[in-house]
Amino acid sequence: MEEEVATGSDNIVTEFNTYEDFLDSQITSFDLYYLEDQELARQLVELGYRGSGEVLKREEFEARKQAAEASRLSKRSQQKKLASDDKIIKEPLLQALAAREAGNRNGKMTSIIFIRDHNSRGQEISGYIDYAYRLKTEDFEPYFSGKKRLLPRPSDLSFYNWETATSTSNPTPNYQVIAENASGLLFKNKRDRKIINVDPKADSPGDNSERHVIISPKYIQIVIYDHINRRKT
């Protein structure tokens with residue numbers, strides 16, 4: 001019952017801009033005719049002597065008005081625009097990343113991006129990027145705007161410089177790296193404990209996972225492994 005009353009009050013404070021508007025909504029033409037004083041009619045409504053609606057004191061109306069506004073602002077901030085929103089994207093990798101941005105931000109999926117290309121020094125590099133983790137730790141607007149190129153880093157899940165033979169691997173909040181394995185590099189999802197096998201010769205990358213080859217004129221090689229997150233029961 002209390003929940004129903006609260007919901008009704010919330011509707012009231014969102015419907016009327018001021019407390020006076022709320023009181024006036026319950027004043028009839030007959031009230032004004034007999035009382036001949038709008039302020040008196042408002043006082044009688046506030047005291048519960050006139051009007052057919054809910055009795056709501058000014059202090060309670062203002063408190064609920066502030067709470068409703070805070071709730072509206074909170075929901076608005078939670079509906080943050082994606083970095084790829086309002087962008088005209090033609091490059092295949094960026095199109096693939098834009099299609100996966102929402103899912104990787106809200107936790108429904110965790111994509112691993114394999115990229116092989118040349119760095120700014122002309123050295124060939126390759127590596128596996130935890131897309132969801134990068135989205136949380138880096139602003140992707142410059143990537144989707146075409147101001148930066150997405151490349152693997154020594155701080156990513158896995159990185160290899162083909163010229164210097166430099167190799168690194170790092171766990172992320174989403175994945176554990178399993179490097180010492182006969183079948184090659186593996187990634188273990190920390191949420192549901194599923195293994196993602198990035199071996200291109202494997203029949204499947206694993207349970208709840210899919211492998212997608214992206215062809216782009218700006219990169220030597222791109223493969224994206226999409227894993228749908230399911231909590232371990």
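Guide: Begin with burial: of the chain's 233 residues, 36% count as buried (under 20% relative accessible area, with a 1.4 Å probe and protein chains only). This is a predicted model, in which local features need pLDDT of at least 70, side-chain atom pairs count only at pLDDT 80 or more, and totals for chains, interfaces and linings use all residues. Residues are numbered from 1 along each chain as its sequence is written, and side-chain values use heavy atoms, leaving out hydrogens and water.

Visitor: How many helices and strands does the chain have?

Guide: Eight helices and nine strands; these are DSSP runs, numbered from the N terminus (helices H or I, at least four residues; strands E, at least two).

Visitor: How do strands form a sheet, and what is the strand order here?

Guide: Strands of a sheet pair through backbone hydrogen bonds, either parallel or antiparallel. Here, six strands form an open sheet in the order β4-β3-β2-β1-β9-β8, with antiparallel pairing (strands pair if DSSP finds at least two bridges between them). From one strand to the next, the twist averages 10° (axes are lines fitted to C-alpha atoms; angles run from 0 to 180 degrees between N-to-C directions).

Visitor: What joins β8 to β9?

Guide: A hairpin, through six residues. Strands β8 (residues 209-214) and β9 (residues 221-228) run antiparallel, joined by six bridges; Val 213 has Val 223 in β9 as its bridge partner.

Visitor: How many bridges join β2 to β3?

Guide: Four, between antiparallel strands β2 (residues 124-130) and β3 (residues 158-161). Ile 125 is opposite Asn 161 in β3.

Notes
Buried < 20%, exposed > 50% of the residue type's maximum accessible area, 1.4 Å probe, protein only.
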